[in-house]
Amino acid sequence: MPITLRPRSLLRLLALSGCLIAGVAQADMYGDVATLAKSGNTAEAIAKADQYLASNPRDPQMRFLKGVAQSKAGDWAAATSTFQALIEEYPELPEPYNNLAVIYASQNQLDKARSALEMAVRNNPNYAVAHENLGDIYARLAHDSYSQSLKLNSANRPLRLKLTTLTEMLQPAAR
């Protein structure tokens, strides 16, 4: 027996299918921007993000992806502004704090980086990347303190060993 749809039912079905298609298109847009940024096409990623944000200006996921693209492009001021705005509007999200901390760390603003990472792990205690980044910041802060101490007391052999160990640990891995 064929199914007969009333006009109202047909309209609901069309509206539902339109929402599903829009959801897929939205997911594709996120994927496109992320892929473009990851592959180094940051200008195109930012342009696509801006295009999407023109009609969805408060979308935190796309704004975050735009901030990532800005960071990859080396536009630290724009990325900082993007992540700070996200933090103001969505203080519960840990990712903008983490990415802001990465920018601060790259500018040797270690106390700001530490504070941002502490907020990230406070918001999500299971956020492994933020915990790792916080550990790296603590190691860099320890390295700086040990270096200063060694300048004041160069005869301290145990301190020299600690500093050597930290220096080796903080060196980028050989590729």
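The model is predicted, so local features need pLDDT of at least 70 and side-chain atom pairs count only at pLDDT 80 or more, whereas totals for chains, interfaces and linings use all residues. Residues are numbered from 1 along each chain as its sequence is written, and side-chain values use heavy atoms, with hydrogens and water left out.

The span 94–127 is 79% helix and 0% strand, and its end C-alpha atoms lie 8 Å apart. Helices here are DSSP runs (H or I, at least four residues), as strands are (E, at least two), numbered from the N terminus. In the loop between α5 and α6 (110–123) stands N108. N108 is not a glycine, yet its phi is positive, at about 60 degrees. Most residues other than glycine have a negative phi.

Two packed helices are described by the angle between their axes and the distance between the axes. The axes are lines fitted to C-alpha atoms, for helices over the stretch in contact, and angles run from 0 to 180 degrees between N-to-C directions. For helix α5 (residues 94–106) and helix α7 (residues 128–152), the axes come within 10 Å and cross at roughly 25 degrees. α5 is therefore roughly parallel to α7 (angles under 35 degrees count as roughly parallel, over 145 as roughly antiparallel, 65 to 115 as roughly perpendicular and the rest as oblique). The crossing of α5 and α7 is left-handed, a term for a near helix turned anticlockwise from the far one by less than a right angle, with right-handed used if clockwise. N98, V102 and A105 of α5 make the contact with V129, A130, N133, I137 and R140 of α7, where contact means heavy atoms within 4.5 Å. These residues comprise five nonpolar, two polar and one charged (Ala, Val, Leu, Ile, Met, Phe, Trp, Tyr, Cys and Pro count as nonpolar, Asp, Glu, Lys and Arg as charged, and the others, Gly among them, as polar).

α5 also meets α3: their axes come within 11 Å and cross at roughly 10 degrees, so α3 and α5 are roughly parallel to each other. Here F64, V68 and S71 in α3 touch E95, P96, N99 and I103 in α5.

α3 and α4 have axes that come within 8 Å and cross at roughly 155 degrees; the two helices are therefore roughly antiparallel. Their crossing is left-handed. Among the residues in contact are F64 of α3 and F83 of α4, and by class the contact has nine nonpolar, four polar and two charged residues.

The model has two aromatic pairs, counted where ring centres of Phe, Tyr and Trp (its six-membered ring) lie within 6.5 Å; planes under 30 degrees apart count as stacked, over 60 as edge-to-face and the rest as tilted. The rings of F64 and F83 have centres 5.7 Å apart and planes at 50 degrees, so this pair is tilted. Because F64 lies in helix α3 (residues 60–72) and F83 in helix α4 (residues 76–89), the pair ties together parts that are 19 residues apart in sequence.
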